[in-house]
Amino acid sequence: TLRKPISQSSMADWASKNLNMHTQGIFRRRISISNMLSWNGGSIKKPMLITSNRTIKKEACEMFKLVQSYMGDRHTRMDRNHVALVTVTKCWSMQGLRDELYIQLMRQTTDNTCYRSLAWGWELMAISLAFFSPSPKFQSYLEGYIYRHLDSDENIARRIKELVDLKNKKNSKSRKKRKQNTENEGLPISTYAKYCYRKLQKVAVTGGKKGLRKPTVEEITHARNAIVTPSLFGSSLEEIMLRQQDMCPGNKLPWVQTQLSQQVLALGGEQTEGIFRIPGDIDEVNALKLQVDQWRIPSGLSDPNIPASLLKLWYRELEEPVIPQQFYKECISNYENPDAAVAVVQLLPELNRLVLCYLIHFLQIFAQPSNVGRTKMDVNNLAMVMAPNCLRCQSDDPRVIFENTRKEMSFLRMLIVHLDTSFIKGLV
């Protein structure tokens, strides 16, 4: 979980300790922190953050040019998709560059007088958060910056006008002027900030893109589209049902849940040893996730572990767990009482109740003795792998987490054994 965003004074203190202070002029005068953290049209000769790594020092300066290219402040022959891909791949491959990218984006989106450039800077931050998180020490600094922009649209418009007026006075005789663009091209900045804030909270807990395959243009496009069109992964159940109204107007269950569950069975998952325990190839799971987010199930799947892994991921990444947080204590208090455990299910909101009952009905298929002989996944094993995807312990105390894990597994086991889910058959 994320800490409360740090104050501006704390952020200034953090900056004074971690910024690699730049100099200018023949006397090499130090640039002030406020100038270090304001939009810059030129290049930089050393990283923004202190580092002793030579590769990072070199790559950071090149990356600043990429950031400027993506934002439209530097001419490039590459299209913006490719610029984003090169930038994200550098940071995804080289952990030491990640905080550097975020601080560069913070700089270039501060006191930026071109609205289009500003919006594209925020867009690149949103795309980056789909692939990697900042380091723990930089996390609250970035969070504080994003937090200050959640309701900032009026302030930003006023600030741009002030800066433009000031520059016009200074540069009235100068030939060389940066093209000013105060038109609101793109989304309001608060829309990007709200998306980034939620994405940061999620990526800080779950981590970024996993696997060996480098980011792809398709993933970049998907990350950009997710700013406006929320993904089927990481959203709330209500949002998912709202999104699928046009696609599947009569459905009472999330399309992604039923489709992936049916795929696992269609590929013989109930006869596959270690199903839900043995993970599918992470790169193939990522590829399937992209397709599912476009409402497509590819026909060429052969390994049931791929949809099984993605299905677990879908449950795990729900904004709120299938069993909402307010019912958590009741669940772990009734982990040995079948009647009380079943009674908790009846108390859930209708959508959560249906989604949970569909999952339990699905797991009951695997718990049948004829299938357990093949899968080696009895009711205890099924409860062990699925409980963390349905219930979330909020405590930070390792002892409480350890103790509650046992109770969560036992509660889910009670439901697999005792919950009547016969009404789910045929429901979509």
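Biologist: How many helices and strands are there in the chain?

Modeller: There are 20 helices and two strands in the chain. Both are DSSP runs, numbered from the N terminus: helices are H or I with at least four residues, strands are E with at least two. This is a predicted model, where local features need pLDDT of at least 70, side-chain atom pairs count only at pLDDT 80 or more, and totals for chains, interfaces and linings use all residues. Residues are numbered from 1 along each chain as its sequence is written, and side-chain values use heavy atoms, with hydrogens and water left out.

Biologist: What does the C-alpha trace of the chain span along its principal axes?

Modeller: About 85 × 45 × 40 Å.

Biologist: What share of the residues count as buried?

Modeller: Buried means under 20% relative accessible area, exposed over 50%, and partly exposed in between, with a 1.4 Å probe and protein chains only. Of the 428 residues of the chain, 50% count as buried.

Biologist: Which domains does the domain assignment give?

Modeller: Domain bounds come from an automatic or database domain assignment. Here the assignment gives domain 1 (8-167 + 188-226) and domain 2 (237-426). The contact between them takes ten residues from domain 1 and nine residues from domain 2. Contact means heavy atoms within 4.5 Å. The centres of the two domains, taken over C-alpha atoms, are 37 Å apart.

Biologist: What share of the contacts in the chain with a separation of 6 or more comes from residues 24 or more positions apart?

Modeller: Such residues account for 78% of those contacts.

Biologist: Now pockets. What is the volume of the largest pocket?

Modeller: Start with the general idea. Rolling a probe the size of a water molecule over the atoms shows where empty space is left. The search uses a 1 Å grid over the protein atoms alone; a cavity is a set of points where a 1.4 Å probe fits but cannot get out, while a pocket is an open set with protein on both sides within 12 Å along at least five of seven lines. Grid points are joined across faces, edges and corners, and a volume is the space filled by probe spheres set on the points. The largest pocket comes to about 1,100 Å³.

Biologist: Which residues lie nearest the centre of the largest pocket?

Modeller: Ala130, Lys199, Phe233, Lys289 and Glu317, out of 44 lining residues. A lining residue has an atom within 4 Å of a point. Domain 1 and domain 2 each give at least three residues to this lining.

Biologist: Which helices each supply at least two residues of the lining?

Modeller: They are H9 (189-206), H10 (217-225), H13 (282-292) and H14 (305-317). H9 gives the largest share, eight residues.

Biologist: How far does H9 reach from its first C-alpha to its last?

Modeller: The expected span of a helix is 1.5 Å times one less than its number of residues. H9 has 18 residues and reaches 25 Å, close to the 26 Å expected.

Biologist: Which residues in H9 are buried?

Modeller: An α-helix has 3.6 residues a turn, so residues three or four places apart point the same way. In H9 the buried residues include Ile189, Tyr192, Cys196, Leu200 and Val203. After H9 comes glycine 207, with a positive phi near 85°.

Biologist: Where is tryptophan 295 found?

Modeller: In the loop between H13 and H14. Tryptophan 295 has a positive phi of about 60° although it is not a glycine. Its relative accessible area is 18%, so tryptophan 295 is buried.

Biologist: Is lysine 376 buried or partly exposed?

Modeller: Lysine 376 is partly exposed, because its relative accessible area is 48%. Its loop lies between helix H18 (369-375) and helix H19 (379-390). Lysine 376 also has a positive phi of about 60°, although it is not a glycine.

Biologist: Which residues does leucine 348 touch?

Modeller: Not counting residues up to four places away in sequence, leucine 348 touches Ile323, Pro324, Phe327, Arg353 and Leu356. Leucine 348 sits in the loop between helix H16 (338-347) and helix H17 (350-366). Leucine 348 is buried, with a relative accessible area of 6%.
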